[in-house]
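This briefing is meant to be read beside the sequence and the coordinates. Please keep both open while working through the points.

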Amino acid sequence: MDIIVLVKQVPDTQEVKIDPKTGTLIREGIQTIINPDDLHALEAALSLKERYGGKVTAVSMGPPQAVEALAEALAMGVDEAVLLSDRTFAGADTWATSHTLGKCIQKIGRYDLILCGRQAIDGDTAQIGPQVAEMLGIPQITYVRSLTLTGKKILAERVMEDGYEKIEAPLPALVTVLRDLNQPRYPSIPGIIQACSPYSKIHIWNPVDLGVKAYEVGLIGSLTQVVRTFPPERKKEGETLSGSTREIAEQLVDRLKEIHIL
Amino acid sequence: MAIFIDPSKCNACRRCIKACPYEGVTLDGQVAVLTDRCIYCGACIESCKQKAISSDLAELPIPDFSAYQGVWVFAEQREGRLHPVSLELLGCGARLAQELNQEVSAVLLGDKVKALSRELIACGAQKVYLAEHPYLGHYQTNPYAAVLAELLAGHKPGIFLVGATHIGRDLAPRLARRLELGLTADCTELAIDPKEGHLLQTRPAFGGNVMATILSRRTRPQMASVRPGIMKALPPDRTRKGELIPFKPILKKKDLATRLVEIVKERKRRVDFSQARVIVAGGRGLGSEKGVQALQALAEALGGEVAGSRVAVESGWVPAERQVGQTGQSVHPDLYIACGISGAIQHKAGMQNSKYIIAVNKDPLAPIFEIADYRIVGDLQDIVPALTKAVQKERAL
């Protein structure tokens, strides 16, 4: 079966620092990683390939350095990779991004299953999966923690807040996965060597390759506009309570009464 | 959208050809012409010293959206019960509608759920659009998206809000894509821009370390999904009047697209902190399971819930379903008491929106103190039981 995995290279938000003057992210010196949920999507694709044969292609949209994320995917065992990279793609919201990814998938043509992580740790929207599925006109199953193939269908466990649902969908379909799904493999040594070789299969496509115009993608093609970014509101200076343990406890109770907790 | 090269002004200097990243311009005789590789990026326009190249890409005017009126809210129901976020959305929607001098309506999908409209009206819905059908009994992506798409296209509200629950986050992007709308996910603040009247949609990004305010200038309705537990529902008023407008959806079996095989309720995978007023959380400083007992006593005295940082969960002191932080849950109670928690960014991301924060830590330099309203440098094993006793004494009065 042919599987396409959507992958994003993201800043490691554990290390994120905000510039207090501009309120924007300081990106210099920040480690980039494959979005954690996407690693689980890659693992799912590779497991299915091991069982049923076929081909896995990783697709990513990003700046040129995102090629590192795809090289890592190749080293894990992915067969081919496509990086959509061009300054015209930049500044895209989820509408423009899903449009670009969707066009790429249409160009690749053959797919039985599309896998992505539930959400990226930088945007946190969880919108790409469903928007790509809608563009391609295929069913979606989101928040998946378990996935099995039954003939020409997939059976997934979709997590809900209070349990889960078992959902079956005909292929081709798109699935967004949770970290609960599996344990991602590490790249193998032969895999790394293969990924570094000059024959390693990372294609880099620009708008002309996809047959899209500038106004369909990137900042211009976006349907939402960010007008302001800022760090979360800092509270006013806190108060230090001191004294003996009993005194502290009593002061706290007074404060709790002031703020109507008690 | 097009780019024009005026042959009478072109002097064949080739600047445009050099400026184009896509081989979108070439020389035909002594005149530059576009090739089929042109993607309308406009780089050639800036490069031309003869001003021979122009386009109609100039700032497109914002369309006339005066036909789009009203704030609509998706009333999410499961098994015949309204999800609390539906009422929160109505509270927020009512406020927005008032600012716009428009109406707030709820749209309710399901099977035999008409009775829920009374609660929606009591909590502020001036109209309830009700779509009932056996295929809408349990949420499935395609039938819900299809029915909502038809209703939104037909009635043209200016704003459509959806709760960012598991259902909402599956539904909203699918629907937004279908209707070609901008969508902002997981908003924590909504307001009307006083100048242009757009919906100002504010949401956290980068795990909550950055806030972003977003607009959808060019599409209507403006769609946003809203984080549950943040907005305030209106107190129910059974004397409120509202109009019930039924809609008969036409759905075929193939519209289901997927098959819902089974619904399984599990022992709480995650404690639902979204309704908790007080949370007492422990971190590395707990030291052992015994430390948790102290937290439990305090939580009980305050009518709150116990939670833990990732360290506390990985050490086995607090169960995983009570984890707070970037890899756990995001919480925003009225009071968050952080005991023995250092306050690393990943944990702060999960609780910094709490209304009040008390921090207890032996280390005076712990980062948690930066966001605490009340700071206590001390051992939680002393402070927490003392606080519990003091609270119990106060409550007994």
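The lead sentences and grouped points below describe the two chains and the contact between them.

This is a predicted model, in which local features need pLDDT of at least 70 and side-chain atom pairs count only at pLDDT 80 or more, while totals for chains, interfaces and linings use all residues. Residues are numbered from 1 along each chain as its sequence is written, and chains are lettered from A and ligands numbered from 1 in the order in which they are written. The contact between the chains takes 70 residues from chain A and 73 residues from chain B, where two residues are in contact if their C-beta atoms, placed from the backbone, lie within 7 Å. Helix α10 of chain B gives the most to the side of chain B that touches chain A, namely eight residues.

**Chain A as a whole**

- The secondary structure of chain A comes to seven helices and 13 strands, these being DSSP runs numbered from the N terminus (H or I with at least four residues for helices, E with at least two for strands).
- Along its principal axes, the C-alpha trace of chain A spans about 70 × 40 × 40 Å.
- Of the 262 residues in chain A, 48% are buried; a residue is buried if 20 or more other C-beta atoms lie within 10 Å of its own, exposed if 12 or fewer, and partly exposed in between, with C-beta atoms placed from the backbone.
- Among the contacts in chain A between residues at least 6 apart in sequence, 70% join residues at least 24 apart.

**Domains of chain B**

- The domain assignment of chain B gives domain 1 (3-55), domain 2 (71-256) and domain 3 (273-396), with bounds that come from an automatic or database domain assignment.
- Between domain 2 of chain B and domain 3 of chain B, the C-alpha centres lie 34 Å apart, and six residues of domain 2 are in contact with eight residues of domain 3.
- The side of domain 2 of chain B that touches domain 3 of chain B divides into two nonpolar, four polar and no charged residues; here Ala, Val, Leu, Ile, Met, Phe, Trp, Tyr, Cys and Pro count as nonpolar, Asp, Glu, Lys and Arg as charged, and the others, Gly among them, as polar.

- Elements that give two or more residues to the side of chain B that touches chain A include α6 (166-179), β11 (183-187), β13 (199-205), β14 (210-215) and α10 of chain B.
- By class, the side of chain B that touches chain A has 37 nonpolar, 15 polar and 21 charged residues.
- Helix α7 (residues 245-258) of chain A and helix α10 (residues 380-396) of chain B have axes that come within 8 Å and cross at roughly 50°, the axes being lines fitted to C-alpha atoms, for helices over the stretch in contact, with angles from 0 to 180 degrees between N-to-C directions.
- α7(A) and α10(B) are therefore oblique to each other, given that angles under 35 degrees count as roughly parallel, over 145 as roughly antiparallel, 65 to 115 as roughly perpendicular and the rest as oblique.
- α7(A) passes α10(B) in a right-handed crossing; a crossing is left-handed if the near helix is turned anticlockwise from the far one by less than a right angle, and right-handed if clockwise.
- Residues of α7(A) that meet α10(B) include Ile248(A), Leu252(A) and Val253(A), and among their counterparts in α10(B) are Ile383(B), Leu387(B) and Val391(B).
- The residues of the contact of α7(A) with α10(B) divide into nine nonpolar, one polar and five charged.

**Helix packing within chain B**

- The axes of α7 (residues 289-302) of chain B and α10(B) come within 9 Å and cross at roughly 20°, which makes α7(B) roughly parallel to α10(B).
- The crossing of α7(B) and α10(B) is left-handed.
- Residues of α10(B) that meet α7(B) include Leu387(B) and Val391(B), and the contact of α7(B) with α10(B) has eleven nonpolar, four polar and one charged residues.

**Backbone details to check**

- A cis peptide bond joins Leu171(A) and Pro172(A), with omega about 0°, and Pro172(A) is found in the loop between β9 (163-170) and β10 (173-177) of chain A.
- Another cis peptide bond joins Arg220(B) and Pro221(B), with omega about -5°.
- Lys51(B), although not a glycine, has a positive phi of about 55°; Lys51(B) is exposed, with 9 other C-beta atoms within 10 Å.
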